Amino acid sequence: MKTKFANRRSWRAKLAKPQEPRLVAVSPKMSRLGHGTMLILTPILINDLIRDIPKGKLATVSELRRKLAADFKADVTCPLTTGIFVRIAGEAAEEDREKGRKRITPYWRVVKDDGTFNPKLPGGVAHQTRILKAEGFEVSTSGKNPRLRNFEDRLIQFK
């Protein structure tokens, strides 16, 4: 039986889709994000930046957005597309893992500003927790959602 998703493109194809980043004016409806110009990025830009996160380090989504905005001389980066493209990078990495590739994009090293995990990444919070524990990070499971403990000194700041 075919599902309605049977014809979907692979995550790798979504990652590699040829497109260019764009700068747009921040609309009044989105003024809570800032003023001036907003970068609409591409999945491959996010993927390439995540690949620069070394083992033992982490990056926040905000840091990814800050770095890319600075690179493109924008005032802000679209948070919605950034989140979507982090997921695409993660899903493509898992496709690569299934194909036997050893070096994949370390998407699990991208966390929220408060040290919590993104449930939309491959394997959800449990998978990200397991991998980060294996990399030596301390995870607190008390409370509603697991979160990293004492992680601030391991955050990367891109130049």
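Helix H5 buries Gly124, His127, Gln128, Thr129, Ile131 and Leu132. Buried means under 20% relative accessible area, exposed means over 50%, and partly exposed lies in between, with a 1.4 Å probe and protein chains only. Helices (H or I, at least four residues) and strands (E, at least two) are DSSP runs, numbered from the N terminus. The model is predicted: local features need pLDDT of at least 70, side-chain atom pairs count only at pLDDT 80 or more, and totals for chains, interfaces and linings use all residues. Residues are numbered from 1 along each chain as its sequence is written, and side-chain values use heavy atoms, with hydrogens and water left out.

The cover over the buried residues of H5 includes H4, S5, strand S6 (138-140) and strand S7 (147-149). Contact here means heavy atoms within 4.5 Å. Val125 also belongs to H5, which spans residues 124-134. Val125 is partly exposed, at 22% relative accessibility. Setting aside residues up to four places away in sequence, Val125 touches Phe117, Asn118, Pro119 and Pro146. Its C-alpha atom is 9.5 Å from that of Arg147, 22 residues apart along the chain. Just after H5, Gly136 takes a positive phi of about 95°.

Turn to helix H3 (residues 61-71). Its buried residues are Glu63, Leu64, Arg65, Lys67, Leu68 and Ala69. They pack against strand S2 (37-40), helix H2 (43-51), strand S3 (59-60), strand S4 (76-77), H4 and strand S5 (110-111). Lys73 lies in the loop between H3 and S4. Lys73 is not a glycine, yet has a positive phi of about 55°. Lys73 is exposed, with a relative accessible area of 71%. Asn150 is another non-glycine residue with a positive phi, of about 50°. Asn150 sits in the segment after S7 and is exposed, at 55% relative accessibility. Most residues other than glycine have a negative phi.

Helix H1 (residues 11-16) holds Leu15. Leu15 is buried, with a relative accessible area of 1%. Leaving aside neighbours within four places in sequence, Leu15 is in contact with Pro43, Ile44, Asn47, Ile88, Ala89 and Ala92. Leu15 and Lys29 are 14 residues apart in sequence, and 29 Å separates their C-alpha atoms.

In helix H4 (residues 79-98) we find Asp96. Asp96 counts as buried, at 6% relative accessibility. Not counting residues up to four places away in sequence, Asp96 touches Arg12, Arg101 and Ile104.

Next come the rings. A search of the whole structure finds 1 aromatic pair. Tyr107 and Trp108 form this pair, edge-to-face, at 5.2 Å centre to centre and 80° between the planes. Rings of Phe, Tyr and Trp (its six-membered ring) pair if their centres lie within 6.5 Å; planes under 30 degrees apart count as stacked, over 60 as edge-to-face and the rest as tilted. Tyr107 is buried, with a relative accessible area of 1%. Trp108 is buried too, at 8%. Two rings have a charged side chain over the face. Lys14 lies over the face of Trp11, at 4.3 Å from the ring centre. Arg154 lies over the face of Phe137, at 3.8 Å from the ring centre. A charge sits over a ring if NZ of Lys or CZ of Arg is within 6 Å of the ring centre and within 35 degrees of the ring normal.

Last, the pockets. On a 1 Å grid over the protein atoms alone, a pocket is an open set of points where a 1.4 Å probe fits, with protein on both sides within 12 Å along at least five of seven lines; lining residues have an atom within 4 Å of a point. A volume is the space filled by probe spheres set on the points, which are joined across faces, edges and corners. The largest pocket holds about 300 Å³ of space. H4 gives the most to its lining, with 6 residues. Among the lining residues are Trp11, Val61, Lys112, Asn118 and Lys120. The lining divides into 6 nonpolar, 2 polar and 3 charged residues. Ala, Val, Leu, Ile, Met, Phe, Trp, Tyr, Cys and Pro count as nonpolar, Asp, Glu, Lys and Arg as charged, and the others, Gly among them, as polar.

The second largest pocket holds about 230 Å³. Its lining includes Arg51, Ile53, Arg101, Ile104 and Trp108. That lining divides into 4 nonpolar, no polar and 6 charged residues.
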